[in-house]
Amino acid sequence: MTFVRLDSAEDKISDRAVAPQGPSKGRARRRPLGGPRWVGWAFVLPGLIGLAVFIVIPQLASLILGFSNSTLLGGTQFTGTENFLRLLRDPQFLNSVVVTAIFVLIYVPANIAISMAMALWLKTRLAGRNWLRVIFLIPALSPMVANAAVFRLLFQQDGVVNQALTGIGLRPIPWLSDGNWALAIVIGVSVWQSFGYNMIVLGAGIDSISPDVIAASRIDGAGRIRRFFSITMPLVSPALFFTTVLTVIGAWQTFAQAYVITGGGPGNSTMTIMLYLYQTAFTNNQLGYASAIATVLFVIIAIFTLFQLWGQRKWVHYD
Amino acid sequence: MKSRLAHTRSRGRVGASIVVAGVLALGLAACSGGSSSSSGLDGNTLKMYTWIGGKADKQQWSDYIAGGKHADPKMAVSFTGPPIGDYYTKLPTVMKGSSAPCLVTFQNGRVNQYVQGLEPLDALAKKNKLDLSVYSSAMLEQLSVDGKLYSIPFNAGPTVMFYNKKIFKDAGVAEPTNSWTTDDFIAAAKATTKDGVYGFAIPQGSNPISTLMAADGYPWADKNGARFDDPHFREALQLLVDLSNKYKVAKPLEAAAGGTFPDIDAFSTGQSAMEMQGLWDLQHEQQALGKDNVGIAVIPSKSGTSKGFIGGSGFGITKTCGDKQKAFKAIEAMTSKDGLEFVTKSQASVPARLDALGAWSTNAGSAEFATVIKQMTGDAVPSPVPSNQAQIDTLLTQYEVNAFSGKSTVAEVLQQVKAGLAQ
């Protein structure tokens, strides 16, 4: 897998491959393959319709609804910024932000560290490593709801895990009765479910490193640790950046694990922002307030993503 | 040249604007519902949206439709829907959508939250001369909001105590009588708790609280909502916590997703001797444990004169239904004496009409069961269903776990639920 910096990709494509030489360069840039303009639109239109119907319109509708008092079956009244001001003094929402932030802080580093470790391990001359890659990817391919339901059975009071602990003379742990343990289960299941995908992406990044570079570093006397930090990490940094951005976005949006395993409890110890949004919209029937939560979540994710995009210049190497 | 280029750009903008407007219109059209003479019908067939969790639910609805056809051969109803855990979440979206059904169903009288999308049925009942006195008055009250009836009941689901006869016999415990007390219940639960089997399985949410309160004659809610400040509310939740923590006759509740029934799972797999559930669960338990192995008793009360808590299910008509008269005739057929008696041949759920109870006793239940049901439905505590019932259940399910783990007292849990509702 080769990662190309997006802002330089256009130049490379137009300069080397597509743009013809000569005075008609400007016109050819717009229509590099020739033919009437509508052909281009015809290719773009299906995607554009999908984008508009499933992304743009719902997001605009959600943004507008955030400024209203709206229910699923009732009317809609414009309430200005009331919903957003209410969010600032809603302890349930503020708690959900804290819970989700804790989730992000633990889940993202754990996911990336385990994915990287597994990718490096599977880079070694291990027998059946391709099979192992498939096995580790299976949790990412299976439905989250099914995985979460199985984990619920494992960790309930008299589940397999506590029976095993009792069997070796330890006390059972209140996995689903204690808030801290419940959050740990939700994080653990999430990492287990998703590290396989990141492992494949990072593994592809590691595989793309030229053996000559590694050989040269060995000749120069670099040990394993030095090679990892000075050769592997810089060269795999585009893949690492890609997985980190997607993992952070997914972490802020986590829903199914808490919904299926704990329902947000005990108390509100596993109440993530998305779960609170869902309950507000579909259990409490407050569509306007839920839309305000969605807008705030969008802003939080946008800030984190922009921060990562800004920060990549300092640690991501594309050459 | 310049003006031609500008003209081309302008046309391009117009074209792009038309495309964007078209896409927006398409999206808005997809989102909006409407009403016409064919809304909610597929030809002559009325569309019904209901809960379908598996084969048993499918069979149940097929049987009610067959019962309706038995009473009125012209009636035609088709049905779709998700499992009960998702039903009430999806219902408003479906009622608002462009393909809204004509008929919807409600369990435990939960119409309050959906009345904005429902047709009041009083005028249709009067026009069609439907005698409403044949239904339990407590049930009709539950299915009404602000004096308007929104749903006609088809089954009466009083909550009763299910017990496993074999476990009782093996433990040498006498089967419950219809005058047993809370102390008798605790004693029976203690005696049947052994060898990994608990005496009782605690249900989640508000239903066990409302049932225990009703047994002693206290409604759990009034027109202002759930009565969290009523000391009997606190006592009912405290009893549930004590069954686990003090008497050690039940598993403590753990964090769980809403719409799950760990108590039913425990009882139907023989891991608990008793469960407190609506009679809708009878057929499932009989299939799991054997028809002769499942007994039912009234809910234990302090005095021994238990009153019932009714959670009847009913059919409603959506406001967008294109042919409300046809929909009402279908409901009338499915809830007629003939129709409900027909259903008792294959379903154990108790008919909502008192005049069909005899057929149920013969076909699905027994004289012993009929005695329990008559006591539970005949002397039921009228109890309105709060419009925020779903929110109350969600919050109770989340916070009551803390009372079982000892992290909070029952009073603190109720305060936390109240605070959650106030947001």
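Predicted model: local features only at pLDDT ≥ 70, side-chain atom pairs only at ≥ 80, totals over all residues.
Among contacts in chain A between residues at least 6 apart in sequence, what percentage join residues at least 24 apart? The figure is 71%, where two residues count as in contact if their C-beta atoms, placed from the backbone, lie within 7 Å.

Residues are numbered from 1 along each chain as its sequence is written, and chains are lettered from A and ligands numbered from 1 in the order in which they are written.

Chain A has 14 helices and two strands, these being DSSP runs numbered from the N terminus (helices H or I, at least four residues; strands E, at least two). Of the 319 residues in chain A, 32% are buried, which is to say that 20 or more other C-beta atoms lie within 10 Å of their own.

Let me turn to one helix pair. The axes of α3(A), residues 37–65, and α14(A), residues 287–315, come within 7 Å and cross at roughly 115°, with axes fitted to C-alpha atoms over the stretch in contact and angles running from 0 to 180 degrees between N-to-C directions. The two helices are therefore roughly perpendicular to each other, a term that covers 65 to 115 degrees. On the α3(A) side the contact is made by S62(A), L63(A) and L65(A), and on the α14(A) side by L287(A), G288(A), S291(A), A294(A) and T295(A).

Finally, 34 residues of chain B are in contact with 31 residues of chain A, and α16(B) gives the most to the chain B side, with ten residues.

Terms used
Parallel < 35°, antiparallel > 145°, perpendicular 65-115°, else oblique. Buried ≥ 20, exposed ≤ 12 C-beta atoms within 10 Å, placed from the backbone.
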